[in-house]
Amino acid sequence: MYILATNWSSAFDVVIFGFVMVFVILILLVLIISGFGKMLAPTVRVPKTPKKANEQNNNFPEENNEIEYIEGHLSADYSAAIAMALHLYYSDVHDEESHIITIKTVERRYSPWSSKIYGLNNLVK
Amino acid sequence: MRTKKYIFLLIAVLTVGISFNTSAQKQVQLAAQADTTVVANATTEIAIAKENLKTEKDGTISESFINFLRSTGFALLSWKDLIMLFIACILLYLAIVKGFEPLLLLPIAFGMFLSNLPGAGLFTPELFAGGHVDWGKFANGAGLLDYLYLGVKLGIYPCLIFVGVGAMTDFGPMLANPKSLLLGAAAQLGIFATYLGAIGLGFLPNEAASIGIIGGADGPTAIFLTSKLAPDLLGPIAVAAYSYMALVPVIQPPIMRLLTTKKERGIKMKQLRMVSTKEKIIFPVLVTGFISLLLPPAAPLIGSLMLGNLMRECGVVERLSKTVQNELMNITTIFLGITVGATATASAFLNVKTLEILAIGIVAFSVGTAGGVLLAKFMNLFTKIKINPLIGSAGVSAVPMAARVSQVVGQETDNSNFLLMHAMGPNVAGVIGSAVAAGIMLTMLS
């Protein structure tokens, strides 16, 4: 009986208007955030060398002074790959070595601690 | 073994309580009988005089003893109080032994325990009857919890909690993928569907809205809205909201599995873009301005949330950020928990309404979860880059528990699939969504 007496039309009004309003407000937020995101997202300047310049570059590296940059977002997986490459490179970089390995014979030094004769000749007085 | 100890302790406390109650009542009856028999058995005047003198002396001692017994809480204990104390002990058990949201459930349970101790006068619901504070009676002496409850009644604690939540939340995943806001909106379906269900069960519109907000899975928002619209239902709604939030890992996975195929659960999402600090700083200011101007009743919640977040992201108020994340949050949680628990008095809690609220609450959670998952599936029909529908369920707030559930269910299908950061987007969007829904309910129903 109560269900019949309930003002269902006003209840549905609240539900439909409320739910639509939640969506509208959040869709507006999506648009605002997306717009700001495009403006403020961190961009990385990636040098873009044209093909011809690239070919020239192989022959005369000094002559290729002009580098064209493209503005773009560098995704996290690219960043991770670059970071890994740098890490491997720098972990491998160390002081120059001669690469000559020498094994020298070590002269056996006399030590009273290991000498049997010394121990026998120097008895406790 | 430990569980047995707790049960034994609980039974012992209740037995002692009941025995004291019955013995006190017997004492009162015996003393009254003694008074009447002494007068009736007197035959001579001298004897009567002597007896009267004796009974006067005895009377003063027994009367003071009776008065003392009558003033103790044991004499005033009713079966309803005992049931409430028992429920409080069960909640304490769940918090301490089972670890269900202990930071909140423990103060709530103890607040419930305190307010149901008869005679202590720690909490007086009459001071807040009819949704208004009776300031005149406060002057005559209110209980400790009455004063603390003003923070709930005036909507202070939920906002302070939101400052702390904002300071602990990273909105980066949401900013990196703004579409996740839509999933946060879809998960609010639970709020509005439950509103209809509660109306059908005979609740008034303002009560139905307060019950529906349980589906937002956001404790402070639920408390804020209920304290404004239906303060009488604050106890059951808070207990239902926090209990179900603790049960998110139990409630959500079956619904998520039911609504998705194995292929959909295995969708691997694209790595999120990096979000600049500038974006993170502008976001809270922008959102506060936009939502507060559009929906003024939501301003306290959104403003507090974003204030905390700005403190976190700006990097110049490190001390304040740490304070709101720890000290302020913890102190407010204690006050909020105790006072919300205190509202669960026998008269307010032990009725059919509470059972109905608990039943509708779980429906609200389930519908909210389903709403998020279904919208994610719907979005996949139109977008090139597919979304894993499991992240939709995280739109019900319950930060970060719901996001963790998405991660766990996703890894059941493919253990190389990491959904946590993707799910954090809808998860924090759900906080904004439920605050917006609360603002809309306040606008339409207050």
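What share of the 446 residues of chain B counts as buried? In this predicted model, the figure is 52%. The fold of chain B is helical: 23 helices are assigned, and 0 strands.

The largest nonpolar core comprises 132 residues. Met174(B), Tyr195(B), Ile211(B), Ile214(B), Phe283(B), Ile291(B) and Ile432(B) have the most contacts inside this core. Helix H23(B) contributes the largest share, 13 residues. Beyond four places in sequence, Ile211(B) touches Thr194(B), Ala198(B) and Phe203(B), together with Leu233(B), Ile237(B), Ile357(B) and Ile360(B).

The interface with chain A was examined next. Chain B brings 43 residues to the contact, and chain A brings 31 residues. About 3100 Å² is buried between the two chains, and carbon and sulfur atoms account for 89% of this area. Three residues stand out on the chain B side. Phe192(B), Leu196(B) and Phe290(B) supply 16% of the area that chain B buries against chain A, more than any other three residues.

Five stretches of chain B each give two or more residues to the side that touches chain A: helices H9 (172-176), H10 (180-186), H11 (189-200), H17 (277-294) and H23 (420-445). H17(B) gives the most, with 9 residues. By class, this side of chain B holds 32 nonpolar, 7 polar and 4 charged residues.

A loop residue was also considered. Pro389(B) sits in the loop between helix H21 (352-380) and helix H22 (401-413) of chain B. Is Pro389(B) buried or exposed? Pro389(B) counts as buried because its relative accessibility is 0%, and the cut-off for burial is under 20%. Apart from neighbours within four places in sequence, the contacts of Pro389(B) are Thr260(B), Glu264(B), Ile267(B), Val373(B), Ala376(B), Lys377(B) and Asn380(B). Val373(B), Ala376(B), Lys377(B) and Asn380(B) fall within the range of helix H21 (352-380).

Methods. Residues are numbered from 1 along each chain as its sequence is written. Chains are lettered from A and ligands numbered from 1 in the order in which they are written. This is a predicted model: local features need pLDDT of at least 70, side-chain atom pairs count only at pLDDT 80 or more; totals for chains, interfaces and linings use all residues. Side-chain values use heavy atoms; hydrogens and water are left out. Contact means heavy atoms within 4.5 Å. Buried area is the accessible area (1.4 Å probe) that two parts lose on being put together, summed over both. Helices (H or I, at least four residues) and strands (E, at least two) are DSSP runs, numbered from the N terminus. Ala, Val, Leu, Ile, Met, Phe, Trp, Tyr, Cys and Pro count as nonpolar, Asp, Glu, Lys and Arg as charged, and the others, Gly among them, as polar. A nonpolar core is a set of buried Ala, Val, Leu, Ile, Met, Phe, Trp, Tyr and Cys residues joined through side-chain atoms within 4.5 Å. Buried means under 20% relative accessible area, exposed over 50%, partly exposed in between (1.4 Å probe, protein chains only).
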